[in-house]
Amino acid sequence: MHPEIQPAPKQIPLDSPVRYVRGVGPKIGAILQKSGIENLEDLLYFFPRTYEDRRRITPFSQLRAGEDATTVGRVVQANLGVLRGGRRVLDVVFSDVTGYLVGRWFGFRAGYEAVFKPGLEMVLTGQVRTFRG
């Protein structure tokens, strides 16, 4: 066989059940079926509900409450706390060249605070919110 000539890939008909796609199997196939994806054609026409463009990085000073944004900052410190009612909270202070930002996490697993080591650069994505101020 000539090195530039490749055999044609095996073609799968569009009406083939999605569970026969390599890597899917019966378990994931059942999950996809709940979303209305039963065959390969359904999978090709299933589009995401939303799309987040995380390529645009916003400095802290330009973040606005209520907007979805992606930003990059370095961990300054992480503090575990407990709110009234016993709910645990993790506050992490981040910095960039324009200022500081506090990220707050609820309902996290034990030991999660160890992820936030001072000096670690992290990408943060989500809706910007203010709390009491």
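## Briefing: pockets, sheet and salt bridges

The largest pocket holds about 780 Å³ of space. The model is predicted, so local features need pLDDT of at least 70 and side-chain atom pairs count only at pLDDT 80 or more, while totals for chains, interfaces and linings use all residues. Residues are numbered from 1 along each chain as its sequence is written, and side-chain values use heavy atoms, with hydrogens and water left out.

**Largest pocket**

- A pocket is an open set of points on a 1 Å grid over the protein atoms alone, where a 1.4 Å probe fits, with protein on both sides within 12 Å along at least five of seven lines; lining residues have an atom within 4 Å of a point.
- A volume is the space filled by probe spheres set on the points, which are joined across faces, edges and corners.
- The largest pocket is lined by 19 residues, and the closest to its centre are Val 102, Gly 103, Arg 104, Gln 127 and Arg 129.
- Two or more residues of this lining come from each of β1, β3 and β4; strands are DSSP runs of E with at least two residues, numbered from the N terminus.
- With 7 residues, β3 gives the most to the lining of the largest pocket.
- By type, the lining of the largest pocket has 10 nonpolar, 6 polar and 3 charged residues. Here Ala, Val, Leu, Ile, Met, Phe, Trp, Tyr, Cys and Pro count as nonpolar, Asp, Glu, Lys and Arg as charged, and the others, Gly among them, as polar.

**Second largest pocket**

- The second largest pocket has a volume of about 260 Å³.
- Its lining has 14 residues, of which Asp 53, Arg 56, Asp 68, Ala 69 and Thr 70 are the closest to the centre.
- The elements that give two or more residues to this lining are β1 and β4.
- The lining of the second largest pocket divides into 2 nonpolar, 6 polar and 6 charged residues.

**Sheet**

- An open sheet is formed by 4 strands in the order β3-β2-β1-β4, with antiparallel pairing; two strands pair if DSSP finds at least two bridges between them.
- At the edges stand β3 (99-106) and β4 (121-127), each with a single partner strand, so one side of each has no neighbour in the sheet.
- From one strand to the next, the twist averages 50°; the axes are lines fitted to C-alpha atoms, and angles run from 0 to 180 degrees between N-to-C directions.
- Strands β1 (residues 68-82) and β2 (residues 88-96) run antiparallel and are joined by 8 bridges.
- Gln 77 has Val 93, in β2, as its bridge partner.

**Salt bridges**

- The structure holds 3 salt bridges, each a side-chain nitrogen of Lys or Arg within 4 Å of a carboxyl oxygen of Asp or Glu.
- Asp 91 forms a salt bridge with Arg 104, with the closest N and O atoms 2.6 Å apart. Asp 91 lies in β2 and Arg 104 in β3, so this pair ties together parts that are 13 residues apart in sequence.
- Asp 91 counts as buried at 19% relative accessibility, whereas Arg 104 is partly exposed at 35% relative accessible area. Buried means under 20% relative accessible area, exposed over 50%, and partly exposed in between (1.4 Å probe, protein chains only).
- Glu 52 and Arg 54 meet in a salt bridge through their side chains (2.7 Å, N to O), and Glu 52 is partly exposed at 47%.
- The side chains of Asp 53 and Arg 55 also meet in a salt bridge (2.8 Å, N to O). Asp 53 is partly exposed at 37%, and Arg 55 is exposed at 69%.
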